[in-house]
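Hi,

Here is the structure I promised to pass on. Have a look at it first, and my notes follow below.

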Amino acid sequence: MKFGKKSKVNVAIPTTSMPDIIFMLLIFFMVATVFKQYSGLKVSLPDAVKIQKIAGSKRHVVTIWVDRNNQVVCDDINVKKMSDLRQVVYQKMVADPQIKIALKIDKDVDMGIVNDVHQELRKASALNVYYFAIPGGEL
Amino acid sequence: MLLGKKKEKDVEIPSASLSDIVFLLLIFFLVTTSIDTEKGLDLVLPPPGDTEVKIPKENLANMLVNAQGQVLLDGEIIEINEISRIVREKIQANPNLVISLKTDKETRYEDYVHVLDQLKEAEAKKISIAEPDED
C-alpha cells in the first residue's frame, strides 16, 4: 500500500492579471481619498438611532468640535471667543455656499453652549447642520 | 551622405517594475484613506433674524427638556423613550403639528440628541428649536 501519493497537478495561481487588479484598487483609493482631515478635539459623541450620512460629498462639510471643556474648534481654526465663530463660518460659506455643518459635540456639554453655536451658525446663514452621533441606543 | 539614418536601438520603457510602483502607490493611498462611517442627525436651523412666525395654538406642541433630562410635553412629564409613540399619535391626529423644542441652559447635549432622535423616529418633520429663556 502506498501512502502519501502525490498527484502532479500544477497548482500555481495565475499572476499575470495581478497588476491590473492592483491598478483597479489604486484608482478606487485615489478617488475615495480626501486630503483634508483635521484631527479636531477629542469628544465622546452621544448615541442615536435615526442617523444618516451627510448627503453629498465630504468636500462640502465643515466640522465644528466642542469638547467637554467648552473648547470650540472649526476645522483647523481654534475659536477662542464664541462671537468669532460667525466670521469663521461666514468666510467658509462665501468660499463654498453649499457647505454643511457637522457638529461633533461631547455628550456632556451643556445646551447653553450648543445654543450659542446655533445662534452663531444662524447669523452666518449656515443652516444645514448634522449632529454627529454614534449608532446605538434604544428607542 | 546618409541623412535620417535610423539607429536600430531598442527604446522600450522597462515595465517589469511597474507593478511594484503601483503597489507602493496603492499602499500609500490605503494608509491615508479614512473612509468615514460617521453619521448624524440632520436639522435645518431657522434663518437669521427675529422673524416670528405665528403658529396657531392648536398646531403647536411645547416640549421642554430640563437640566435633569426630564421631558415636559404640553404640561405632562413623559419619559424620553415614550416621546416617539406620543408624538406619532399627536402627528396622526394633526399633521400640521409643529414641535417646539426648548431646552434649559444646563440640559446635557446627550439628552437633547436623544429627544431629537425620538422626534425623528416619530417622523416629525416640523421641529422648531426655541431659544432658551434668558435669566
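43 residues of chain A are in contact with 44 of chain B, where contact means C-beta atoms, placed from the backbone, within 7 Å. On the chain A side, helix H1 (18-32), strand E5 (100-105), helix H3 (111-123) and strand E6 (128-135) each supply at least two residues, and H1(A) gives the most, with nine. Helices (H or I, at least four residues) and strands (E, at least two) are DSSP runs, numbered from the N terminus.

This is a predicted model, where local features need pLDDT of at least 70 and side-chain atom pairs count only at pLDDT 80 or more, while totals for chains, interfaces and linings use all residues. Residues are numbered from 1 along each chain as its sequence is written, and chains are lettered from A and ligands numbered from 1 in the order in which they are written.

The two chains also share strand pairing (at least two DSSP bridges between strands): E6(A) runs antiparallel to strand E1 (residues 39-44) of chain B, joined by six bridges. One of the partners in E1(B) is B:Leu43, which bridges to A:Val129.

A:Leu103 touches A:Val129 too, and its other contacts include A:Ile64 and A:Phe132, leaving out residues up to four places away in sequence.

A:Asn70 sits in the loop between strands E2 (61-66) and E3 (72-74) of chain A. B:Asp74, also not a glycine, has a positive phi of about 50°, and lies in the loop between E3 (71-73) and E4 (76-78) of chain B.

Cheers

Technical notes
Two residues are in contact if their C-beta atoms, placed from the backbone, lie within 7 Å.
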